[in-house]
Amino acid sequence: MLIHPLPSMAMSPATILQRQWRLPNFTPTLISFTSLKLISLSPPLSPKYGALYCSTDSINHNSQESSKGGHLKPGLYLVGTPIGNLEDITLRALRVLRSANVILSEDTRHSGKLLQYYDIKTPLLSYHKFNESQREQTILKRLREGDIVALISDAGTPGISDPEAKLCVDENIPVIPIPGPSALVAALSASGLTNNEFTFVGFLPKHAGSRRERLTISANEATTQVFFVPPHKLHQFLGETSSLFGDTRRCVIAREMTKVHEEFWRGTLGSAKEAFSNHQPKGEMTLLIEGKEISVVENPSESQLENELGDLISKGHSLSMAVKLVAEGTSMKRKTIYSLALRKFGKQLEAEDDSN
């Protein structure tokens with residue numbers, strides 16, 4: 001095997017990591033300087049370039065971690081997988097999937113495409129909301145015996161609007177998240193809507209009454225609302241939200257994210273309802289609606305209240321009637337205004353009553 005001369009060993013590992021070496025007809029490789037053993041990445045990320053990789057942590061680990069188990073501790077691994085583009089997966093996720101004894105998957109046919117693309121031979125076992133009760137004891141047994149079990153969803157991060165990893169909660173079995181793609185975060189980051197605070201609603205209930213109740217709550221919240229909407233329910237969703245949120249509320253429809261036909265549609269709920277009235281778009285959708293604008297009403301100052309009360313009392317209104325009229329025009333508590341009225345005008349009114 002022909003390898004270009006290594007750089008001076010006086011170089012720092014960070015410098016070596018950043019340098020790329022042109023290796024004609026070679027696929028990307030990781031080379032451990034201790035053993036000079038070639039470890040290929042599969043599938044190739046580039047047909048022309050290789051990278052010499054040196055790390056004090058990885059020098060002794062690379063060859064071992066590629067084997068079953070490696071340096072992974074036993075437990076349940078929640079592995080984030082691509083939401084569309086198969087290249088959106090971390091090196092750590094690939095290592096875990098290769099090292100696991102079994103991979104739990106919602107749809108083994110769908111997940112099988114990902115494993116085939118990366119030449120991962122780990123066996124798949126179907127695990128979804130319809131069979132999780134039957135699978136639970138078998139999986140727990142394997143985890144207790146020290147197996148490494150990976151859990152993936154059809155797309156994105158497991159446990160987000162998918163069957164959750166509930167089986168380890170009471171068993172003191174480690175649950176390790178392997179961060180990865182998320183349709184929620186991807187859509188929110190590119191939406192242009194306020195994202196310092198948001199409410200993730202996910203899929204709405206199927207029952208009309210429950211759905212309307214949830215949408216009513218969302219319509220009155222000040223934070224951006226994020227929904228997962230199946231394509232065949234988009235018309236229904238836009239009709240219900242435009243009615244409850246108002247036609248002028250801004251929204252973003254993120255469709256087919258990370259795929260060839262990725263689209264971010266931006267406008268109002270009213271214009272979205274009109275735009276999609278005659279056709280049903282394809283692909284998974286994440287729909288975001290801006291929060292309700294909360295108008296802040298400033299309470300009048302004490303001097304303003306005093307002037308209003310004094311004006312009404314001078315026109316012949318009783319103290320209680322003046323308090324009532326002033327309270328109707330402000331958000332302040334009537335009790336607070338009444339206490340002010342007594343303090344400012346109580347003695348004056350008593351003196352007038354005595355004189356009469």
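**Exercise 1.** Across which strands does helix α4 lie, and at about what angle to β7 does it run? Place the helix in relation to its sheet.

*Solution.* The model is a predicted one.
Step 1. Helix α4, residues 108-117, lies across β6, β7 and β8. Its direction is at about 160° to that of β7.
Step 2. These strands belong to an open sheet of 5 strands, ordered β7-β6-β8-β5-β9 and paired in parallel. Its edge strands are β7 (124-126) and β9 (175-178), each of which pairs on one side only. From one strand to the next, the twist averages 25°.
Step 3. Helix α3 (residues 91-99) lies across β5, β6 (102-105), β8 (148-152) and β9, and runs at about 135° to β9.

**Exercise 2.** Determine how strand β5 is joined to β9, and identify the bridge partner of Val-79.

*Solution.* 
Step 1. Strand β5 covers residues 75-79 and pairs with β9 in the parallel sense, over 4 bridges.
Step 2. Val-79 has Ile-178 of β9 as its bridge partner.

**Exercise 3.** Classify the crossing of α7 and α8, and characterise the contact.

*Solution.* 
Step 1. The axes of α7 and α8 (residues 234-245) come within 10 Å and cross at roughly 50°. Helix α7 is therefore oblique to α8.
Step 2. The crossing is right-handed.
Step 3. Residues making the contact include Arg-211, Arg-212 and Leu-215 of α7, and Phe-237, Glu-240 and Leu-244 of α8. By class, the contact has 5 nonpolar, 4 polar and 3 charged residues.

**Exercise 4.** Is Asn-278 buried or exposed? Locate the residue in the chain.

*Solution.* 
Step 1. Asn-278 is in the loop between α9 (269-275) and β14 (285-289).
Step 2. The relative accessible area of Asn-278 is 75%, so the residue is exposed.
Step 3. His-235 is 43 residues from Asn-278 along the chain, and their C-alpha atoms are 9.4 Å apart.

Notes: Residues numbered from 1 in each chain as written. Predicted model: local features only at pLDDT ≥ 70, side-chain atom pairs only at ≥ 80, totals over all residues. Heavy atoms only, no water. Helix = DSSP H or I, 4+ residues; strand = E, 2+ residues; numbered from the N terminus. Buried < 20%, exposed > 50% of the residue type's maximum accessible area, 1.4 Å probe, protein only. Axes fitted to C-alpha atoms, helices over the stretch in contact; angles between N-to-C directions. Parallel < 35°, antiparallel > 145°, perpendicular 65-115°, else oblique. Left-handed = near helix turned anticlockwise from the far one by under 90°. Contact = heavy atoms within 4.5 Å. Nonpolar A, V, L, I, M, F, W, Y, C, P; charged D, E, K, R; others polar. Pairing = 2+ DSSP bridges.
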